Amino acid sequence: MSTPATDAQVVFVGYNAAYLRAIDGSLPSGSVVVIEEPDIIRKRRLQDAAARFDCLDRIVPAGYQQSAEALDLAAELTAARPVAAVVPGLEYAVPATAALAEKLGLPGATETAAQALRDKVRLREVSGAGGVRNPRWREVHGPADILEFAGDGPVVVKPANRQASVGVQLLDSVDAATAAQAWHRTSSAAEYEQVPDRQLAWRFLAEERLRGPEYSVEALVRQGEIIFENVTAKTVAPGPYPVELGHLLPAPLDQDTQAAFETAMRALVAAIGFRTGILHAEWILTESGPTLVECAGRCPGDYLIDLIDLAYETRIRLTLIDLLAGRTVTLPRSARQTSAIRFLAAEPGTVTEVAGVDTAQGLPGVHVAEVDVEAGQEVRPWASSWDRAGHVIATGPDADTTRQRVLDADAAIRIATD
């Protein structure tokens, strides 16, 4: 694994503090530039962010969410120093990242693939045409479309181009009232700090509700060829909002199931025309085989990269930069151990006490025990990934041991609410 030459810079589209924290000290001082939306710089108070990381030179304000403004920076970015790689920092930055990389002649997803990855309507169209198994689906524009599609059966209603399970709902049955309520909740879903204040265009889907265990596949791709992949077993919270409750990787799979995921991923890469970068594809394993839920073209959230690094002894974030810079990378073929995360839940209300964090941290195999709320803060019912109260991470020699360790750490922490 190499680092950029001291006269080259790495451009991130979208500010991602976890990514910067992970690579700080491994890249030359001042070698990173971040492009971020002016409204998000203001709302997330990022004006002094360059002082937080040695590798970060500056944050350049420019629109990239459903905007081509960031492309106008190409000449400015390359005027003083060459650009080694363009990296998607966030979900909403994937299309602009691909377009900027193409404009600069650097490896990337390709604009066509990036557009499919950011719009589930387009993803359904192109992946289905390429032989990837998809659920029955249709684009919806209001409650009547949901009702017509669903009949009286179970259905999923969700935005086609949001993130983090925002606005996603699982409906067991549908009548006029539930269709109207689902449409309102889905179409009015908001992410104040994650999007600019200007009007953005959102699209919506209704889909057949699939039954079966949920998995994701994380893959590094070079020039259309998968060079690393991991399958993660997912646990999803019960109820109408499918927020992820935990992950375990590598998933304990038999040979045939492992091969089925490998085949499905290669079909997906070919169908969308993805060239170079990282993919995070979510699947439900039905009786017919892996069926596509959605796919992202950036590093996954939920600390999945940290879990992969723990299990495989990798540094995936640095490897991705090398890939996007066109450099040779070396990756392990199998994991050294297993790793897992469990997200912390609490009863909705005002937090009165947080206890047991030190106990959890001291348990065997536990690497992280972190609570994101404190006394006086409000805990909301889970409607998206942003509502979770913290997490614990553990490793172990096998899936059963690691699963038990992370559950023990979860049980040790108590978040009391009023």
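Is aspartate 302 buried or exposed? Aspartate 302 is buried, because its relative accessible area is 15% and the cut-off for buried is under 20%. The model behind this value is predicted.

**Backbone exceptions**

Aspartate 302 sits in the loop that runs between β13 (289-296) and α10. Its phi is positive, about 60°, although the residue is not a glycine.

Glutamine 223 also has a positive phi, here about 50°, and is not a glycine either. Its loop lies between β9 and β10 (225-236). Glutamine 223 counts as exposed, because its relative accessibility is 57% and exposed means over 50%.

There is a cis peptide bond as well. It joins leucine 249 to proline 250, with omega at about -10°. Proline 250 belongs to the loop between β11 (244-249) and α9.

**Two buried side chains**

Phenylalanine 274 is placed in the loop between α9 (255-272) and β12 (277-286). This residue counts as buried, because its relative accessibility is 2%. Not counting residues up to four places away in sequence, phenylalanine 274 touches Ala109, Ala113, Leu117, Val221, Gly224, Val269 and Leu279. Threonine 328 is 54 residues from phenylalanine 274 in sequence. In space the two are 18 Å apart, C-alpha to C-alpha.

Arginine 317 is placed in helix α11 (residues 316-324). Arginine 317 counts as buried, because its relative accessibility is 10%. Its contacts, again not counting residues up to four places away in sequence, include Ala18, Tyr19, Ala22 and Ile23. Arginine 317 also touches Ile305, Asp306 and Asp309.

**Cavities**

How many cavities of 30 Å³ or more are there? The count comes to two. The table sets out their volumes and the make-up of their linings.

| Cavity | Volume | Lining residues by class |
|---|---|---|
| Largest cavity | About 100 Å³ | 11 nonpolar, five polar, no charged |
| Second largest cavity | About 30 Å³ | seven nonpolar, no polar, one charged |

The largest cavity, with about 100 Å³ of space, is lined by 16 residues. Of these, Pro88, Thr97, Ala109, Thr276 and Gly297 are the closest to its centre. Ala109 is also one of the residues that phenylalanine 274 touches. Which of them gives the most? That is α4, with four residues. No charged residue is found in the lining of the largest cavity.

The second largest cavity is lined by Glu218, Ala219, Leu220, Phe228, Ile278, Ile305, Ile308 and Ile316. At least two lining residues come from each of β9 (214-222) and α10 (304-312). The largest share is that of β9, with three residues. Ile305 in this lining is also among the contacts of arginine 317.

Definitions and conventions
Residues are numbered from 1 along each chain as its sequence is written. This is a predicted model: local features need pLDDT of at least 70, side-chain atom pairs count only at pLDDT 80 or more; totals for chains, interfaces and linings use all residues. Side-chain values use heavy atoms; hydrogens and water are left out. Buried means under 20% relative accessible area, exposed over 50%, partly exposed in between (1.4 Å probe, protein chains only). Contact means heavy atoms within 4.5 Å. On a 1 Å grid over the protein atoms alone, a cavity is a set of points where a 1.4 Å probe fits but cannot get out, and a pocket is an open set with protein on both sides within 12 Å along at least five of seven lines; lining residues have an atom within 4 Å of a point. Grid points are joined across faces, edges and corners, and a volume is the space filled by probe spheres set on the points. Ala, Val, Leu, Ile, Met, Phe, Trp, Tyr, Cys and Pro count as nonpolar, Asp, Glu, Lys and Arg as charged, and the others, Gly among them, as polar.
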